Structure formats: structure tokens, C-alpha cells
Amino acid sequence: RRQLARLISHWLDSLEDADQRLFIRRYWYGETVKTLAAELGQGANALSQRLLRLRRALRAFLESEGVNL
């Protein structure tokens, strides 16, 4: 569990600040896509696609580090 937390933290640190904040707000604090989109001035669909790309990037990173998902 600690190894996974360290890897996720490392991945988050590699992101641009805006993507890092977005990911944490959505998946740590559980803010809705609708709320985030309104605050960021983006459409909910566009923001959902951005989050999808971030999740895929995290998955690819974890798999490259040997984590079986």
C-alpha cells in the first residue's frame, strides 16, 4: 500500500499544477465534474475527457512500474 501511495504521489508531482489540482479535487475531495467545470469555465464533457486522459496516464504509469491493475 505504501509503495502504491509513493508511486501515485510521484506521478502527481510530475503533472502540471492545474492537472494536479484537478485530479486531487475530483478523486480525493470528491468534487463533482459539474462543479469543477463551472469553476474552471469549461464544459463538463471537456473536463470529463481531460480527467479520462489523466486516469489513463496514471494507469499507464502504474503498469510501467510493475503494478498489476
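A helix here is a DSSP run of H or I at least four residues long, numbered from the N terminus. With that in hand, I looked up Gln20 and found that Gln20 lies in helix 2. I'm working from a predicted model, so I keep that in mind throughout.

**Entry 1: the whole thing**

I started by counting elements. The protein has 4 helices and 0 strands. Going along the sequence, I wrote the pattern down as α-α-α-α. Then I checked the dimensions: the C-alpha trace spans about 35 × 20 × 20 Å along its principal axes.

Next I asked myself what share of the 69 residues is buried. The share comes out at 26%. I also looked at contacts with a separation of 6 or more, and 49% of these link residues 24 or more positions apart.

**Entry 2: back to Gln20**

Is Gln20 buried or exposed? Its relative accessible area is 18%. Buried means under 20%, so Gln20 counts as buried. I then looked for its partners, skipping the neighbours within four places in sequence. Gln20 is in contact with Leu12, Asp13 and Leu15.

**Entry 3: helix 1 against helix 2**

Two of those partners sent me to helix 1, which runs over 2-14; helix 2 covers 17-27. Two packed helices are described by the angle between their axes and the distance between the axes. I noted both: the axes of helix 1 and helix 2 come within 8 Å, and they cross at roughly 135°. That angle is why I call helix 1 and helix 2 oblique to each other.

Which residues make the contact? From helix 1 I listed Trp11, Leu12 and Asp13. From helix 2 I listed Gln20, Phe23 and Ile24. By class, the residues of this contact divide into 4 nonpolar, 1 polar and 1 charged.

**Entry 4: the largest pocket**

Rolling a probe the size of a water molecule over the atoms shows where empty space is left. In the largest pocket I found about 160 Å³ of space. The elements giving two or more residues to its lining are helix 1 and helix 2. Helix 2 gives the most, with 3 residues.

I wrote out the lining too: Ile8, Leu12, Phe23, Ile24, Tyr27, Trp28 and Leu58. How many of the lining residues are nonpolar, polar or charged? I got 7 nonpolar, no polar and no charged residues.

One last cross-check on names. Leu12, Phe23 and Ile24 line the largest pocket, and Leu12, Phe23 and Ile24 are also in the contact of helix 1 with helix 2.

Notes:
Residues are numbered from 1 along each chain as its sequence is written. This is a predicted model: local features need pLDDT of at least 70, side-chain atom pairs count only at pLDDT 80 or more; totals for chains, interfaces and linings use all residues. Side-chain values use heavy atoms; hydrogens and water are left out. On a 1 Å grid over the protein atoms alone, a cavity is a set of points where a 1.4 Å probe fits but cannot get out, and a pocket is an open set with protein on both sides within 12 Å along at least five of seven lines; lining residues have an atom within 4 Å of a point. Grid points are joined across faces, edges and corners, and a volume is the space filled by probe spheres set on the points. Ala, Val, Leu, Ile, Met, Phe, Trp, Tyr, Cys and Pro count as nonpolar, Asp, Glu, Lys and Arg as charged, and the others, Gly among them, as polar. Axes are lines fitted to C-alpha atoms, for helices over the stretch in contact, and angles run from 0 to 180 degrees between N-to-C directions. Angles under 35 degrees count as roughly parallel, over 145 as roughly antiparallel, 65 to 115 as roughly perpendicular and the rest as oblique. Contact means heavy atoms within 4.5 Å. Buried means under 20% relative accessible area, exposed over 50%, partly exposed in between (1.4 Å probe, protein chains only).
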